[in-house]
Amino acid sequence: MLTYDFETDLGKRVITDSATGNDTQDNGRLWGNAEVVYDEERESNVLKLDGSAHAYAELPMGFFDKRDTMTISMDVRSDASSGNFFTFAFGKDDQKYDFMRVRGTQVRNALTTTSYNSEQEVKGTGASTGQWQNVAIVIDGNLMKLYIDGKLVSANEDTVIKITDLGTDLLAYLGKSFYSPDGYFTGSFDNVKVYNCVRSENDIKDEAWSTASPLKGVVIGKLSDNPIDLRGTDDHTAVFSRIKGKDIVSYVRKDIDFAAVPVTLSLFDDTVKVTVDGRQFTGGSLDLRKDVELKLEFAGKTQTYTIKK
């Protein structure tokens with residue numbers, strides 16, 4: 001029904017609805033420093049918001065009017081661990097709205113017709129700050145559900161409120177709050193979709209897994225018990241480690257034993273199988289005197305990452 005995958009939107013001030021059978025009426029608009037960029041980690045275009053004033057995307061007015069049954073799905077990366085902001089929202093004003101916020105590890109969706117004091121919510125624990133995850137919200141009359149990476153984490157069986165109760169000519173935003181004192185969202189979006197139905201749990205899982213990265217994070221080196229005091233000076237502390245596309249880049253002290261550097265992987269879930277040189281790897285030390293290839297099998301696919309020496 002509605003799909004923003006951003007693949008044709010580099011350098012544009014609009015975001016294109018690429019859902020089958022739709023025309024330009026459901027295209028969105030970018031404001032401020034909001035921009036579509038190529039994301040090396042995902043190897044696709046994404047909508048990036050830098051948190052500056054008035055940096056957000058606006059969806060067509062009235063799109064969410066009277067949509068009492070729907071499924072909203074998006075891949076989102078939040079770079080904010082604190083503050084008041086909305087990641088995604090639709091509604092009339094600061095009295096009548098639905099909003100979703102990804103802040104730190106908390107994912108929360110709430111609906112109200114009488115401002116924040118009476119919000120009906122679903123919430124759960126998701127990925128760490130700076131990591132991608134799929135968030136899906138199911139609305140079915142007075143029922144609201146939250147899925148994170150394809151798993152049901154929270155349900156509100158009777159919100160009392162329906163989307164119809166929000167009124168008409170509803171506004172909708174990616175990254176903007178209905179409360180003027182709030183900040184703007186810092187992070188990125190991909191594959192923003194709205195379905196005019198309640199999707200099955202299998203469909204929600206399949207969609208989440210289709211774009212999910214099996215590798216969520218990497219720690220290369222041994223974390224110090226007192227990292228602030230030592231400031232990365234112990235033998236195996238990684239000063240930083242980041243995933244850039246399919247390359248894993250890190251820094252460790254040059255005087256350590258590179259033949260046996262501890263490597264800890266954060267994986268999508270326990271179904272991910274990791275092999276190094278044909279042998280299963282569940283964590284431990286690796287020889288980083290040369291590049292090391294990690295093969296990750298997940299959801300019927302194999303992805304290869306390289307830890308750069």
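Predicted model: local features only at pLDDT ≥ 70, side-chain atom pairs only at ≥ 80, totals over all residues.
Residues are numbered from 1 along each chain as its sequence is written, and side-chain values use heavy atoms, with hydrogens and water left out. Local features need pLDDT of at least 70 and side-chain atom pairs count only at pLDDT 80 or more, whereas totals for chains, interfaces and linings use all residues.

The chain contains 2 helices and 25 strands; helices (H or I, at least four residues) and strands (E, at least two) are DSSP runs, numbered from the N terminus. The radius of gyration of the chain is 21 Å, close to the 19 Å given by the globule rule for 309 residues, so the chain is as compact as a globular protein of that length. The radius is taken over C-alpha atoms, and the rule is 2.2 Å times the number of residues to the power 0.38. The C-alpha trace spans about 65 × 40 × 40 Å along its principal axes. Of the 309 residues, 50% count as buried, where buried means under 20% relative accessible area, exposed means over 50%, and partly exposed lies in between (1.4 Å probe, protein chains only). The chain exposes about 14,500 Å², of which carbon and sulfur atoms supply 45%; accessible areas come from the Shrake-Rupley method with a 1.4 Å probe, and for residues only the protein chains shown count as cover. Among contacts (heavy atoms within 4.5 Å) with a separation of 6 or more, residues 24 or more positions apart account for 59%.

Empty space was then examined. Rolling a probe the size of a water molecule over the atoms shows where such space is left. On a 1 Å grid over the protein atoms alone, a cavity is a set of points where a 1.4 Å probe fits but cannot get out, and a pocket is an open set with protein on both sides within 12 Å along at least five of seven lines; lining residues have an atom within 4 Å of a point. Grid points are joined across faces, edges and corners, and a volume is the space filled by probe spheres set on the points.

The largest pocket holds about 280 Å³ of space. Its lining has 18 residues, and D39, E40, K48, R77 and S188 are the closest to its centre. Two or more lining residues come from each of β4 (35-39), β5 (44-50), β16 (186-195) and β18 (240-244), with β5 giving the most, 4 residues. The pocket lining divides into 5 nonpolar, 4 polar and 9 charged residues. In this division Ala, Val, Leu, Ile, Met, Phe, Trp, Tyr, Cys and Pro count as nonpolar, Asp, Glu, Lys and Arg as charged, and the others, Gly among them, as polar.

R77, one of the residues closest to the pocket centre, is placed in strand β7 and is partly exposed, with a relative accessible area of 23%. Not counting residues up to four places away in sequence, R77 touches E41, G130, Q131, W132, F185, T186, G187 and S188. R77 and Q133 are 56 residues apart in sequence, yet their C-alpha atoms are 6.5 Å apart.

Q133 also belongs to the lining of the largest cavity, together with R42, D75, W132, N134, D149, A208, T211, A212, S213 and K216. β12 (132-140) and α1 (201-211) each supply at least two of its lining residues; the largest share, 3 residues, comes from β12. The cavity lining comprises 3 nonpolar, 4 polar and 4 charged residues.

In α1, the residues I204, E207, A208 and W209 are buried. The buried residues of this helix pack against β7 (69-78), β12, β13 (143-148), β16, β24 (292-298) and β25 (301-307).

Backbone angles were also considered. Most residues other than glycine have a negative phi. E43, which is not a glycine, has a positive phi near 60 degrees. E43 lies in the loop between β4 and β5 and is partly exposed, at 46% relative accessible area. N191, also not a glycine, has a positive phi of about 50 degrees; N191 lies in strand β16 and counts as buried at 17% relative accessibility.
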